[in-house]
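Please keep the sequence and the structure in view while reading.

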Amino acid sequence: MPDKPHRVLPATEGPSAFFWTSGADGRLRFLCCSACSYFVHPPTSYCPNCGGRDVAPRVVGGRGTVYSYTVNHQPWDGTADSYIIGVVEMDEQVGLRLMTSIVDVAPDAMRMGMRVEVVFEDHTPIHLPVFRPVTS
């Protein structure tokens, strides 16, 4: 992975802590309701689908489709390089979307509908999920 831009890192406590720290093993997790199997994101203590209160992290496949994206040209992160901010809809559930960085693709090669897979930026103990075009 290329040099990491400056990142404002998320907190490692509270209901979303698992999301930011569990990627150490290279696997993406979202909260999932034990009653109805609905994935919940952003993390919260209840299921918005059925109202259940038993939600726990569950591993997902880590692949999805670019739902939307924008190319940032503003050098606020200390570099002059453009970078891609995307919204990825995960394969597991319609509407399960994650705002993230899209890496390993030139801005002019980006397309909505592009198939992508998760990789993680290591900022131990935080592992930020970012996505790259599917390679296989």
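## Overall form

The model described here is predicted. The chain holds one helix and eight strands.

Along the principal axes, the C-alpha atoms fill a box of roughly 45 × 30 × 25 Å. Among contacts with a separation of 6 or more, 52% join residues 24 or more positions apart in the chain.

## Surface and charge

Of the 136 residues, 40% count as buried. The accessible surface of the chain is about 7,500 Å², and carbon and sulfur atoms account for 52% of that surface.

The chain carries 11 positive and 14 negative side chains. The centres of these two sets are 7 Å apart.

## The nonpolar core

In soluble globular proteins, nonpolar side chains tend to be buried together. In this chain, the largest nonpolar core has 26 residues. The members that touch the most other members are Leu28, Phe30, Met90, Ile102, Met110 and Phe131. Two or more residues of this core come from each of α1 (17–21), β1 (29–33), β2 (39–40), β5 (83–90), β6 (97–102) and β7 (115–123). Strand β1 gives the most to the core, namely four residues.

Apart from neighbours within four places in sequence, Met110 is in contact with Val66, Tyr69, Ile84, Ile102 and Val105. Of these partners, Ile102 is also listed with Met110 among the core residues that touch the most other members.

## The loop between β2 and β3

Cys47 is located in the loop between β2 and β3 (55–59). Because its relative accessibility is 1%, and buried means under 20%, Cys47 counts as buried. Beyond residues up to four places away in sequence, Cys47 touches Cys33, Cys36, Tyr38, Val40, Gly52 and Val55. Cys47 and Leu31 are separated by 16 residues in sequence, and their C-alpha atoms are 9.0 Å apart in space.

Gly52 belongs to the loop between β2 and β3. Its relative accessibility is 16%, so Gly52 counts as buried. When residues up to four places away in sequence are not counted, Gly52 touches Tyr46 and Cys47. Gly52 and Cys36 are 16 residues apart in sequence, with a C-alpha to C-alpha distance of 8.2 Å.

Met99 is part of strand β6. Is this residue buried or exposed? Met99 is exposed, because its relative accessible area is 65% and exposed means over 50%. Residues up to four places away in sequence aside, Met99 touches Ile85, Gly86 and Val87. Met99 and Val134 are 35 residues apart in sequence and 17 Å apart from C-alpha to C-alpha.

Ser22 lies in the loop between α1 and β1. At 16% relative accessibility, this serine counts as buried. Ser22 touches Arg27 and Arg29, if residues up to four places away in sequence are left out.

## Backbone features

Most residues other than glycine have a negative phi, and most peptide bonds are trans. Which bonds of this chain are cis? The peptide bond from His41 to Pro42 is cis, with omega near 5°, and Pro42 is in the loop between β2 and β3. A cis peptide bond also joins Thr124 to Pro125, with omega about 10°. Pro125 is placed in the loop between β7 and β8 (126–133).

Ser37 sits in the loop between β1 and β2 and, at 41% relative accessibility, counts as partly exposed. Asp104 is found in the loop between β6 and β7.

Notes: Residues are numbered from 1 along each chain as its sequence is written. This is a predicted model: local features need pLDDT of at least 70, side-chain atom pairs count only at pLDDT 80 or more; totals for chains, interfaces and linings use all residues. Side-chain values use heavy atoms; hydrogens and water are left out. Buried means under 20% relative accessible area, exposed over 50%, partly exposed in between (1.4 Å probe, protein chains only). Contact means heavy atoms within 4.5 Å. Accessible areas come from the Shrake-Rupley method with a 1.4 Å probe; for residues, only the protein chains shown count as cover. Lys and Arg count as positive and Asp and Glu as negative; His and the chain ends are not counted. The place of a charge is taken as NZ of Lys, CZ of Arg, CG of Asp or CD of Glu. A nonpolar core is a set of buried Ala, Val, Leu, Ile, Met, Phe, Trp, Tyr and Cys residues joined through side-chain atoms within 4.5 Å.
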